[in-house]
Amino acid sequence: MTLRRFLRGVVLVAVLVAGAGWVLLSSLTSVLLHPSLCRHQSAFYNVTELKGINGSVVAAGRCLPQPRYFPLIPDNQNDCTLPYVTINRGGRIGNEICQYMSLAVLRVMFGVRASIHQEMHKYISQFFSRLTLPVEDHACFLNYSRQIHFDDLYRTLVANDSPSGPALPGPRMPRPYPINESLYVYNNPCPPDLLLPFREQFRQEFTFGSDIVGKARARVDAAINSLGYLANETVTKITVHVRRKDYIAFLKEKFSLEPAQTSYFQRAFDFFRERVPEPVFLVTSDDPKWCLENLKHQDVIYVGSNESVVDLALLTLGDHHVMTDGTFGYVGAFLGRGIIVYPRSENSWPFFRCINSTIYQPISRD
């Protein structure tokens, strides 16, 4: 091993150790969605985790507050007398996975009954066989009475998050059921600060079928071999998603942003080149032509397919990730491992404005 490679490894270890709190938290939550867990535990968000939240932004009301407790209550899913929460299934696969995860987090954090629409289950169960949220049916999930924005529901649940008994570690008396009417979340939530502690659990739940993974791995292996690496040679796989076509007009209209340019990717690639051994950048995109013309280097190769779900599975196979904008690239990186690099600017896509974790690394998009 060369000195340069050794030093890169040392730097990467330092970055990962700094985020060890999040990694440990993720491993501890790997079983938290299991319905047999049946009592309140000690505070879930502690001072260490709150250091990652911008206090002034929270004070201004732009970020979701953190709950004081992490309630593990008796499973309410089979009590059909209790109100429930369901959620919109708008958008494509990235949006639907985000909506599913957001609903699952509400179930775990606050003990609300939750269900997904039959249409959502029919769509995403084609690709994932380990989904745990129940499917809405008329026997136990009757009509909802009101539509609500995810943020408004979440803030209400946090405000009501006051189990009886002293706020001390250990068992507590059960708290009142947190909602008094069935609700429909009408927007497309995907809060990265709330999802991050559950990353490992969701990686296990959203496991692609062997046929999809097989196609994705074959493309990755062929790409690495084409770059001249031997099959037994260690490389660091960095998956890269470039969102352009349908997002160019949306970014400009919604956030006054241009799509990420070549300079962003150069900086993102250099971030890893300086820190990990033998990086290989595996690119997928809705605009292959732009990528082939603008992302040229001996360690960069385009691996995208004509199947979006295969590309999504491919993104999850990376050791680390470079994303642009949109939920497709985020979900692919989130369901993978390691560090996620994302584009930042003064007028940035506000997706990561409420979190500051070493797992998420901002790189200037300008």
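**Charged pairs and nonpolar cores**

Biologist: Is Lys 289 buried or exposed?

Modeller: Lys 289 is exposed, and its relative accessible area is 56%. The label applies because the cut-off for exposed is over 50%. Keep in mind that this is a predicted model.

Biologist: With which residue does Lys 289 form a salt bridge?

Modeller: The general idea comes first. Side chains of opposite charge can pair when their charged atoms come close. Here the partner of Lys 289 is Glu 293, with 2.8 Å between the closest N and O atoms. Glu 293 is partly exposed, at 45% relative accessible area.

Biologist: How many residues apart are Glu 293 and Lys 289 in helix H13?

Modeller: They are 4 residues apart, which means a separation of about one helical turn.

Biologist: Which parts of the chain does the pair of Asp 287 and Arg 244 link?

Modeller: Asp 287 forms a salt bridge with Arg 244, and their closest N and O atoms are 3.3 Å apart. This pair links distant parts of the chain, 43 residues apart. Asp 287 sits in the loop between strand E6 (279–285) and helix H13 (288–294). Arg 244 sits in the loop between strand E5 (236–242) and helix H11 (245–255). Asp 287 is buried, at 13% relative accessible area, and Arg 244 is buried too, at 10%.

Biologist: What is the relative accessibility of Glu 96?

Modeller: Glu 96 has a relative accessibility of 0%, so it counts as buried. Glu 96 forms a salt bridge with Arg 89, where the closest N and O atoms are 2.6 Å apart. Arg 89 is partly exposed, with a relative accessible area of 31%.

Biologist: How many salt bridges are there by this rule, and which residues are linked in a network?

Modeller: The count is 12 salt bridges. Lys 237, Asp 319 and Arg 337 are linked in a network of them.

Biologist: Now the nonpolar residues. How many residues does the largest nonpolar core have?

Modeller: In soluble globular proteins, nonpolar side chains tend to be buried together. In this model the largest nonpolar core has 73 residues. Those with the most contacts inside this core include Leu 153, Tyr 154, Phe 202 and Tyr 330.

Biologist: Which helix gives the largest share of this core?

Modeller: Helix H5 (residues 93–110) does, with 12 residues.

Definitions and conventions: Residues are numbered from 1 along each chain as its sequence is written. This is a predicted model: local features need pLDDT of at least 70, side-chain atom pairs count only at pLDDT 80 or more; totals for chains, interfaces and linings use all residues. Side-chain values use heavy atoms; hydrogens and water are left out. A nonpolar core is a set of buried Ala, Val, Leu, Ile, Met, Phe, Trp, Tyr and Cys residues joined through side-chain atoms within 4.5 Å. Buried means under 20% relative accessible area, exposed over 50%, partly exposed in between (1.4 Å probe, protein chains only). Helices (H or I, at least four residues) and strands (E, at least two) are DSSP runs, numbered from the N terminus. A salt bridge is a side-chain nitrogen of Lys or Arg within 4 Å of a carboxyl oxygen of Asp or Glu.
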